[in-house]
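Please open the model in a viewer and keep the sequence panel beside it.

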Amino acid sequence: MNNTAPFQLPLGVSLRDDARFENYLTGANGLARAMLQQAAEGEGELLLYLWGTPGVGCTHLLQATCHASEPARRTAVYLPLQELLHLGPGILDGMEHLDLVCIDNVQLVTGNKQWEEGLFHFFNRIRAQNNRLVVAASSAPRQLGIKLPDLASRLSWGMVFQLHALPDEDKERALQLRAQARGFQLSSEVVRYLIHHASRDMGDLFGLLDRLDQASLSAKRKITIPFIKQEMGW
């Protein structure tokens, strides 16, 4: 499709504005990121499958791929199953005509006959249209426990990438990039303090940073170690 208007779901699903390739620290995930950039531009594999533990960046990369499709004048949609599962697989009807569909948290359909069959048929339809599908889950395709054998096999047809967590030094840089995207600076000392006193999970760290940003705006104070101790009770 060559449509300059981004596809909009009437479901309240939106992309984080800061979930972009530019502020994703690649670490050991360079090939996955490169293949996703190709997918956003309508190149490369028709199916990409990402998996990893919470906080490694699957959701960020799926949303970044959708963002990157816009300047390439390609239609894209992000579908987080944790928000849409209750609506049933009928929400996929017609989406095979989009250039790119990104489905997050596929592990949630495991054992759900209706959804497994719906995804299987959608897979066939989008492939017939020669459009691209990116899916993300918590484990590799063969370890998901999908009951429908044909769906399990199709999820392995494309390129499968395990995303790896960042080492601490890269987590520091990722937090600083996130802060910059929100319009403020974090010193190295503050970042190291956060990493060593909070969860090492990047999703948790980003959530904590967002909370501290809101608190600092309300208090009209910079985010410093004393401010963090006061706010978090550490």
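Throughout this tour, a residue is called buried under 20% relative accessible area, exposed over 50%, and partly exposed in between, with a 1.4 Å probe and protein chains only. The model is predicted, so local features need pLDDT of at least 70 and side-chain atom pairs count only at pLDDT 80 or more, whereas totals for chains, interfaces and linings use all residues. Residues are numbered from 1 along each chain as its sequence is written, and side-chain values use heavy atoms, with hydrogens and water left out. Helices (H or I, at least four residues) and strands (E, at least two) are DSSP runs, numbered from the N terminus.

**Stop 1: strand β4**

Select residues 132-137, which form strand β4. Six of the six residues of β4 are buried, so the strand is largely enclosed by the rest of the structure. In a regular strand the side chains alternate between the two faces of the sheet. Colour R132, V134 and A136 on one side of β4 and L133, V135 and A137 on the other; both faces are covered.

Strand β1 (residues 47-51) pairs with β4 in the parallel sense over five bridges, and W51 stands opposite A137. Strand β3 (residues 100-104) also pairs with β4 in the parallel sense, over four bridges; here L100 stands opposite R132.

**Stop 2: R132**

Centre the view on R132. Leaving aside neighbours within four places in sequence, they include A39, G42, E43, G44, D99 and I126.

**Stop 3: the crossover through α4**

Select helix α4 (residues 113-128) together with β3 and β4: the three make a right-handed β-α-β unit. Right-handed means that, with the strands pointing away from the viewer, the path from the first strand over the helix to the second runs clockwise. K113 is found in α4 and is exposed, with a relative accessible area of 60%. For a view across the model, draw the C-alpha to C-alpha line from K113 to G27: the two are 86 residues apart in sequence and 37 Å apart in space.

**Stop 4**

Move to helix α9 (residues 225-232), where F227, I228 and M232 are buried. Seen down the axis of α9, these buried residues fall within an arc of 110 degrees, so they line one face of the helix; the arc is that of the directions from the helix axis to the C-beta atoms. On the other side of α9, P226 and Q230 are exposed. The buried residues of α9 pack against α7 (188-197) and α8 (202-219). After α9 comes G233, whose phi is positive, near 70 degrees.

Now select α7 itself. Its buried residues are V190, V191, Y193, L194 and I195, and what covers them includes α6 (168-181), α8 and α9.

**Stop 4: salt bridges**

Side chains of opposite charge can pair when their charged atoms come close. How many salt bridges are found in a search of the whole structure? The search finds 12 salt bridges. Three pairs may be displayed in turn:

- D17 and R20: the closest N and O atoms are 2.9 Å apart. D17 is exposed at 56% relative accessibility, and R20 is partly exposed at 29%.
- R192 and E189: the closest N and O atoms are 3.9 Å apart. Both residues lie in α7, three residues apart, about one turn of the helix. R192 is partly exposed at 34%, as is E189 at 47%.
- R211 and E231: the N to O distance is 4.0 Å. The pair links distant parts of the chain, with R211 in α8 and E231 in α9, 20 residues apart. R211 is partly exposed at 43%, and E231 is partly exposed at 30%.

How values were computed:
Contact means heavy atoms within 4.5 Å. Two strands pair if DSSP finds at least two bridges between them. A salt bridge is a side-chain nitrogen of Lys or Arg within 4 Å of a carboxyl oxygen of Asp or Glu.
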